[in-house]
Amino acid sequence: MSWKPNIKPGVEYRNSAYDYRLSARAFAFFAAFGLACILGLIDTPQASAQRGDGPPPAAVVVDRVINSTMSGTTPILGRVVAQSGGVIAAQSTGPVASVRAKVGDRVAQGDVIASLDLNRLELEAALAKAEWDTAQADLAAARARHEQAELALARLTGLKGSAAFSQARFEDASTDVVRTRSEIASAVAETARTKASYDLAQLDVERGQIKAPYAGIITERSAEPGIYVVPGTPIATMLDISDLEIEADVPFNRIAGLNPGQTVMVRLNNT
């Protein structure tokens, strides 16, 4: 009696004997591996830890929790702005003798930026001084004549009622007193006028040297030696560096981090 397998067409059949041999080999491998671990032939991390000959376990440390405010910095571009500055102009009349300041120069308050022809200005001051001296001399002479006129009038007044008294001479003496008093007033006015002219000439000499009114930087040079200037002629342009401010465009989402009086670190490009 023979057995024939019932094979259906279109169905895949595997060799069950071959599969059985593979399963037997896998079972034998895992069984041998487990037996080796039990006998200590293969070292495992758990076995090493139990024997104490492996690396020590990592230490675990728990730190104290601290509450603090986190802060950060945000770089923002800004610009340095001078609060004052402007054109330095001539305040006297005359030709420019020299210009000392150059564009970019730092000057201190009182430093000479440019000079006019001081020789002409000093000569004009000397002439004004001579006119003032003359006016003072004329004033002194007018006062002396007035004193003499008053003395003459006083003598004639004392002769009233006597044969030596002369009415005509008395009237002339009275007129001389009035005239000399008027001369004194005119001489006083002339003295004041010449004194003012001398003061103006002295001021022109002093202003013949154009000086920096404050510490700053020369940003523009408008005059050169040889040109003739009058009061108001531009000489140079300055910026005041003693009072500076920094303008910066802060984003709106960063404004909340700024408070009045807060210190802000600034770094210039050339530092």
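**Notebook: burial, helix packing and pockets**

The model I am reading is a predicted one, so every entry here refers to computed values.

**Entry 1. Alanine 114.** I placed alanine 114 in strand S5, which covers residues 112–116. Glycine 208 is 94 residues away from alanine 114 along the chain, but the C-alpha to C-alpha distance between the two is 8.3 Å.

**Entry 2. Overall layout.** I counted the secondary structure next and got four helices and 10 strands. Read along the sequence, the order of elements is α-α-β-β-β-β-β-α-α-β-β-β-β-β. I also looked up the share of buried residues: of the 271 residues in the protein, 19% are buried.

**Entry 3. Helices H3 and H4.** I took up the pair formed by helix H3 (residues 118–158) and helix H4 (residues 167–207). At what angle do H3 and H4 pack? I read about 165 degrees, with the axes 7 Å apart. An angle over 145 degrees counts as roughly antiparallel, and H3 and H4 are therefore roughly antiparallel to each other. For the handedness, I noted that H3 passes H4 in a left-handed crossing. I sorted the residues of the contact of H3 with H4 by class and recorded 21 nonpolar, nine polar and 15 charged.

Entry 4. In H3 I looked at glutamine 136. Its relative accessible area is 33%, so I logged glutamine 136 as partly exposed. Glutamine 136 and alanine 187 are 51 residues apart in sequence, and I read 7.6 Å between their C-alpha atoms. In H4 I looked at leucine 203.

**Entry 5. The segment after S10.** I found leucine 268 in the segment that follows S10. Leucine 268 has a relative accessible area of 42% and is therefore partly exposed. Its distance to glycine 78 is 9.4 Å, C-alpha to C-alpha, across a sequence separation of 190 residues.

**Entry 6. The largest pocket.** I turned to open space in the model. The largest pocket holds about 1,200 Å³. Which residues of its lining lie nearest the centre? I listed Thr74, Pro75, Ile76, Val264 and Met265, out of 27 lining residues. Strand S1 (78–82) and strand S10 (244–248) each contribute at least two residues to this lining. By class, I recorded 13 nonpolar, 10 polar and four charged residues in the lining of the largest pocket.

**Entry 7. The second largest pocket.** About 250 Å³ of space lies in the second largest pocket. I noted 11 residues lining the second largest pocket, with Val80, Arg106, Ile217, Ile241 and Leu244 closest to its centre. Which strand gives the most to this lining? S1 does, with three residues. S1 and strand S9 (234–240) each supply at least two residues of the lining of the second largest pocket. The classes in this lining come to eight nonpolar, one polar and two charged residues.

**Entry 8. Strand S1.** S1 supplies at least two residues of the lining of the largest pocket, and three residues of the lining of the second largest pocket.

Definitions and conventions
Residues numbered from 1 in each chain as written. Predicted model: local features only at pLDDT ≥ 70, side-chain atom pairs only at ≥ 80, totals over all residues. Heavy atoms only, no water. 1 Å grid on protein atoms, 1.4 Å probe; cavity = no way out; pocket = protein on both sides within 12 Å on 5 of 7 lines; lining within 4 Å. Points joined across faces, edges and corners; volume = space filled by probe spheres on them. Nonpolar A, V, L, I, M, F, W, Y, C, P; charged D, E, K, R; others polar. Axes fitted to C-alpha atoms, helices over the stretch in contact; angles between N-to-C directions. Parallel < 35°, antiparallel > 145°, perpendicular 65-115°, else oblique. Left-handed = near helix turned anticlockwise from the far one by under 90°. Buried < 20%, exposed > 50% of the residue type's maximum accessible area, 1.4 Å probe, protein only.
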